[in-house]
Amino acid sequence: MPVSAIEFRDVTFARPGRPRLLDHFSLAVEPGDVLALVGRSGAGKTTLLKLVNRLLLPDAGAVLVQGRDTREWDPIRLRRRIGYL
């Protein structure tokens, strides 16, 4: 079975004392897919990207890059392996 390039599994994230930005968010991005995140300010676009490169960690759920939870990656190796703009 092919592994997703990036996968969010039931991810929840909130800043302390603030409402949840992500609440049980799930999404799989397959290798070769092109994805555009569009939404109003404060919708969680930047938060999703920061979760992928491990600048943030989810409160619940998991973010996987190439089938591995981002918490298992060395942060520097992970960031050198992915790219986005």
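My entries on the salt bridges follow.

Ground rules first: this is a predicted model, where local features need pLDDT of at least 70, side-chain atom pairs count only at pLDDT 80 or more, and totals for chains, interfaces and linings use all residues. Residues are numbered from 1 along each chain as its sequence is written, and side-chain values use heavy atoms, with hydrogens and water left out.

Entry one. I looked up the salt bridges (a side-chain nitrogen of Lys or Arg within 4 Å of a carboxyl oxygen of Asp or Glu) and got 3 in the structure.

Entry two. Where does Glu-7 sit? I found Glu-7 in strand β1, residues 6-14 (strands are DSSP runs of E, at least two residues, numbered from the N terminus). Glu-7 bridges to Arg-9, with the closest N and O atoms 3.0 Å apart. Setting aside neighbours within four places in sequence, I list Leu-27, Ala-28, Ala-62, Val-63 and Leu-64 as touching Glu-7 (contact is heavy atoms within 4.5 Å).

I checked Arg-20 and Asp-23, and their closest N and O atoms are 3.0 Å apart in a salt bridge.

Arg-71 pairs with Asp-69, closest N and O atoms at 2.9 Å.

Arg-9 is partly exposed at 43%. Arg-20 is exposed at 54%, while Asp-23 is partly exposed at 46%. Arg-71 comes out partly exposed at 38%, but Asp-69 is buried at 13%.

Key:
Helix = DSSP H or I, 4+ residues; strand = E, 2+ residues; numbered from the N terminus. Buried < 20%, exposed > 50% of the residue type's maximum accessible area, 1.4 Å probe, protein only.
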